[in-house]
Amino acid sequence: TDTIQGDNKKTQRQIGQNALKSESGMEINMNFYVDATPDAVVEIVMDPIGGDILRGAGSGALQFVWGTKTDPRLYGTYVINDGSYNFTFQKIIERKFIIKSGSSVFFRGDPFQANLNVDALYRLNANLNDLDADLAQRAGQTSIPVECILNITGELQQPNIRLDVAL
């Protein structure tokens with residue numbers, strides 16, 4: 001599992017100073033081309049304190065560059081075929097959303113500036129009496145299937161998070 005932590009500015013500064021070290025003083029440069037397959041699971045820690053974690057298996061062509069005089073750089077698009085997003089709200093509510101196939105993470109250099117385009121679902125049966133007792137009586141049932149829809153877009157460090165409900 002590969003991990004990128006995105007909500008911790010201290011961690012970002014540490015990595016920004018984390019060029020490779022060479023005891024001999026020789027310059028070292030690494031340039032990897034990775035053809036990611038669904039066999040590997042990628043993990044992105046969105047909020048290390050709250051526990052929000054995006055985890056998925058997918059595919060993509062990625063380039064990873066790192067050297068003694070350069071910060072780590074990551075380029076390419078990773079498309080998620082199967083995965084989950086552990087959503088927490090102030091450690092009070094925790095829900096595991098299932099990521100829709102085709103969601104993606106686009107890397108354009110700094111791993112912390114990755115762009116997200118992730119859609120995920122959380123399915124449950126809602127008690128109609130909690131919503132509207134009159135509606136429950138008219139419908140002749142006490143519960144209804146509900147899909148909570150989570151959409152995460154934008155940069156990893158400041159994502160746009162939108163929640164919606166489908167009945």
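This report walks through a pocket, a surface patch and some salt bridges in the structure above.

The model is predicted, so local features need pLDDT of at least 70 and side-chain atom pairs count only at pLDDT 80 or more, while totals for chains, interfaces and linings use all residues. Residues are numbered from 1 along each chain as its sequence is written, and side-chain values use heavy atoms, with hydrogens and water left out.

**Salt bridges**

A salt bridge here is a side-chain nitrogen of Lys or Arg within 4 Å of a carboxyl oxygen of Asp or Glu. The structure has five of them, including these:

| Pair | N to O distance |
|---|---|
| Arg55 and Glu43 | 2.8 Å |
| Arg108 and Glu155 | 2.9 Å |
| Asp134 and Arg138 | 3.2 Å |

Let's see where they sit, with helices (H or I, at least four residues) and strands (E, at least two) taken as DSSP runs numbered from the N terminus. Arg108 belongs to strand 7 (residues 103–109) and Glu155 to strand 9 (residues 143–155), so their bridge ties together parts 47 residues apart in sequence. Asp134 and Arg138 share helix 3 (residues 133–139), four residues apart, or about one turn of the helix.

How open are these residues? Buried means under 20% relative accessible area, exposed over 50%, and partly exposed in between (1.4 Å probe, protein chains only). Arg138, at 60%, counts as exposed, and Asp134, at 40%, as partly exposed.

**A nonpolar patch**

Phe89, Ile92 and Ile93 make a nonpolar surface patch of about 300 Å². For such a patch, residues need over 30% relative accessible area and no salt bridge, and nonpolar side chains (Val, Leu, Ile, Met, Phe, Trp, Tyr) are joined within 5 Å. Ile92 sits in the loop between strand 5 and strand 6, and its relative accessible area of 66% makes Ile92 exposed.

**The second largest pocket**

A pocket is an open set of points on a 1 Å grid where a 1.4 Å probe fits, with protein on both sides within 12 Å along at least five of seven lines; lining residues have an atom within 4 Å of a point. The second largest pocket has a volume of about 170 Å³, counted as the space filled by probe spheres set on the points. Among its lining residues are Phe89 and Ile93, along with Arg95, Tyr122 and Asp164. The lining divides into nine nonpolar, no polar and two charged residues.

Terms used: Nonpolar A, V, L, I, M, F, W, Y, C, P; charged D, E, K, R; others polar. Patch = residues over 30% accessible without salt bridge, like charges linked within 9 Å, V, L, I, M, F, W, Y side chains within 5 Å. Areas by Shrake-Rupley, 256 points an atom, 1.4 Å probe, with all protein chains shown as cover.
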